[in-house]
Amino acid sequence: MRLGGLDIPHDRESVGHSDADVLLHAIIDALLGAAALGDIGEMFPDTDPSHRGRDSAEMLRAARDAVTAAGWEITNIDCIVFAERPRLGPLKRDMQRRVAEILGIDPSQIGIKAKTGEGLDAVGRQEAVAAQCAALLQKRES
């Protein structure tokens, strides 16, 4: 399973048009949304065959570059990953470091929390993994 830019050993895999890294996709949407630049589907449409199997880290860098080109800088990003399994607690710091590396910012600017579905809904039944992120941007001074 690909999550937070890491390959995580698991008996299931994420399915998607790109590499299906749900955490990086949520961060992309948070960054683009905070800068009023649309969303991941507009920037990387799944109707474009060139995005099939694409590395989400590459997509995140492109979103960061678009945000930067629009005059913004990343202040911080706060994320929640919802997964029943694998247990993500021991991996949060590694994901935090990897996301910071991809974005070229300090790991202290990235918050990652992990929650389970406690047996409820698609997450709890291990049918899905989900992520939510909020990004705080600051307009660069001219």
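Modeller: Asp-78 has its place in strand S3, residues 72-82, where strands (E, at least two residues) and helices (H or I, at least four) are DSSP runs numbered from the N terminus. What you see is a predicted model, in which local features need pLDDT of at least 70 and side-chain atom pairs count only at pLDDT 80 or more, while totals for chains, interfaces and linings use all residues. Residues are numbered from 1 along each chain as its sequence is written, and side-chain values use heavy atoms, with hydrogens and water left out.

With a relative accessibility of 37%, Asp-78 counts as partly exposed, since buried means under 20% relative accessible area, exposed means over 50%, and partly exposed lies in between (1.4 Å probe, protein chains only). Its side chain makes a polar contact with the side chain of Lys-113, at 2.6 Å; such a contact is a pair of N or O atoms within 3.5 Å, and within protein one must be able to donate a hydrogen and the other to accept it, while residues adjacent in sequence count only if both atoms are side-chain atoms. Once neighbours within four places in sequence are left aside, Asp-78 is in contact (heavy atoms within 4.5 Å) with Gly-111, Lys-113, Gln-132, Cys-133 and Ala-134. Ala-34 is 44 residues from Asp-78 in sequence, and the two are 13 Å apart in space, C-alpha to C-alpha.

Another aspartate, Asp-21, lies in the loop between strand S2 (6-7) and helix H1 (22-34). Asp-21 is buried, with a relative accessible area of 0%. A polar atom of its side chain lies 2.7 Å from the backbone nitrogen of Gly-5, and a polar atom of the Asp-21 side chain also lies 3.1 Å from the backbone nitrogen of Leu-24. Not counting residues up to four places away in sequence, Asp-21 touches Arg-2, Leu-3, Gly-4, Gly-5 and Ser-56.

From there we can turn to the helices. Two packed helices are described by the angle between their axes and the distance between the axes. H1 and H3 pack at an angle of about 10°, with 9 Å between their axes; here axes are lines fitted to C-alpha atoms, for helices over the stretch in contact, and angles run from 0 to 180 degrees between N-to-C directions. That angle makes H1 roughly parallel to H3, because angles under 35 degrees count as roughly parallel, over 145 as roughly antiparallel, 65 to 115 as roughly perpendicular and the rest as oblique. On the H1 side the contact is made by Leu-24, His-25, Ile-27, Ile-28, Leu-31 and Leu-32, and on the H3 side by Ser-56, Ala-57, Met-59, Leu-60, Ala-63 and Val-67. By class, this contact of H1 with H3 has 10 nonpolar, 2 polar and no charged residues, where Ala, Val, Leu, Ile, Met, Phe, Trp, Tyr, Cys and Pro count as nonpolar, Asp, Glu, Lys and Arg as charged, and the others, Gly among them, as polar.

H1 also meets H4: their axes come within 12 Å and cross at roughly 50°, so these two helices are oblique to each other. H1 passes H4 in a right-handed crossing, where right-handed means that the near helix is turned clockwise from the far one by less than a right angle, and left-handed that it is turned anticlockwise. In H1, Leu-23, Leu-24, Ile-27 and Leu-31 meet Met-95, Val-99, Ile-102 and Leu-103 in H4. The contact of H1 with H4 has 8 nonpolar, no polar and no charged residues.

H3, which spans residues 56-69, packs against H4 at an angle of about 50°, with the axes 9 Å apart, and H3 and H4 are therefore oblique to each other. The contact involves Ala-57, Leu-60, Arg-61 and Arg-64 of H3, together with Arg-98, Ile-102 and Leu-103 of H4. By class, the contact of H3 with H4 has 4 nonpolar, no polar and 3 charged residues. Arg-98, placed in helix H4 (residues 92-103), counts as buried at 17% relative accessibility. Residues up to four places away in sequence not counted, Arg-98 touches Gly-4, Gly-5, Leu-6, Ala-57 and Arg-61.
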